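Please examine the sequence and the structure shown here.

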Amino acid sequence: MKHDALVQKAMNRVRLSQNNNIRRVREEGGNYFTDNAPVVDIVNNIIEEAIARRASDIHFEPVADGIRCRLRIDGQLERLYDTIPQDLQDFIISRIKIMCDMDIAEHRIPQDGRFPYNGEADIRVSVLPLINGEKVVMR
């Protein structure tokens with residue numbers, strides 16, 4: 001029980017931080033891809049949460065009203081965020097593509113890439129075009 005309470009408290013902190021970052025993206029103009037930009041913070045927070053929870057995969061799935069973010073933990077997909085707003089979808093996908101040196105202008109064909117993350121993980125990324133946008137799977 002104590003462990004569950006600590007995990008829940010950490011998730012609440014991440015969600016609060018995530019909501020603040022999403023609000024900053026909407027309110028601020030300028031470059032969304034600099035190292036201190038809100039989109040960078042959003043993507044880094046998701047990756048760090050996945051590493052902390054020992055997830056094997058991170059799935060970004062486009063849905064009608066945004067992106068659903070899920071983690072594969074012990075073979076089960078668990079929702080990390082129900083929906084990240086649709087107006088951030090292209091920015092988040094582009095940020096991930098930039099990290100992998102993928103073509104950010106290509107949206108019609110599948111792409112694969114990889115990048116090291118803070119010396120903690122070597123992350124492989126697959127981007128697949130779907131009807132509502134692009135699906136990203138990070139392993």
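Helices α2 and α3 meet through a defined set of residues: Val39, Val40, Ile42, Val43, Asn44 and Ile47 in α2 are in contact with Phe91, Ile92, Arg95, Ile96 and Met99 in α3. Contact here means heavy atoms within 4.5 Å. Helices (H or I, at least four residues) and strands (E, at least two) are DSSP runs, numbered from the N terminus. The axes of α2 and α3 come within 9 Å and cross at roughly 70°. Axes are lines fitted to C-alpha atoms, for helices over the stretch in contact, and angles run from 0 to 180 degrees between N-to-C directions.

The model is predicted; local features need pLDDT of at least 70, side-chain atom pairs count only at pLDDT 80 or more, and totals for chains, interfaces and linings use all residues. Residues are numbered from 1 along each chain as its sequence is written, and side-chain values use heavy atoms, with hydrogens and water left out.

The protein has 3 helices and 6 strands, which run α-α-β-β-β-α-β-β-β from the N terminus on. The 6 strands form an open sheet in the order β3-β2-β1-β6-β5-β4, with antiparallel pairing. At its edges lie β3 (76-85) and β4 (111-117), each of which pairs on one side only. From one strand to the next, the twist averages 20°. Two strands count as paired if DSSP finds at least two bridges between them.

Within this sheet, β1 (residues 57-63) is joined to β6 (residues 133-138) by 3 bridges, and the two strands run antiparallel. His59 has Val137 of β6 as its bridge partner, and Phe60 stands opposite Val136 in β6. Strand β6 is also joined to β5, by 6 bridges and again in the antiparallel sense. β5 and β6 form a hairpin with 2 residues between them, in which Leu130 has Gly133 of β6 as its bridge partner. On β5, the antiparallel pairing with β4 extends over 7 bridges, and Arg114 stands opposite Arg124 in β5. The hairpin of β4 and β5 has 3 residues between the strands, and Asn118 takes a positive phi near 50° there.

Buried means under 20% relative accessible area, exposed over 50%, and partly exposed in between (1.4 Å probe, protein chains only). The buried residues of α3 are Gln89, Ile92, Ile93, Ser94, Arg95, Ile96, Lys97 and Met99. Just after α3, Asp101 takes a positive phi of about 60°.

Which residues have the most contacts inside the largest nonpolar core? They are Phe60, Ile92, Val125 and Met138, in a core of 29 residues. Elements α2, β1, β2, β3, α3, β4, β5 and β6 each supply at least two residues of this core, and its largest share, 6 residues, comes from α2. A nonpolar core is a set of buried Ala, Val, Leu, Ile, Met, Phe, Trp, Tyr and Cys residues joined through side-chain atoms within 4.5 Å. Not counting residues up to four places away in sequence, Val125 touches Ile96, Cys100, Met102, Gln111, Asp112, Gly113, Phe115, Val136, Val137 and Met138. In the protein, buried residues make up 42% of the 139 residues.

Confidence differs along the model. The mean pLDDT (the predictor's confidence in each residue, from 0 to 100) of the protein is 80, and 74% of its residues reach 70 or more. Among the elements, β6 has the highest mean pLDDT (94), while helix α1 (residues 2-27) has the lowest (55). Over residues 30-34, pLDDT stays under 50, and the model has 12 contacts beyond four places in sequence for this stretch. Where pLDDT is low, the predicted coordinates should not be read in detail.
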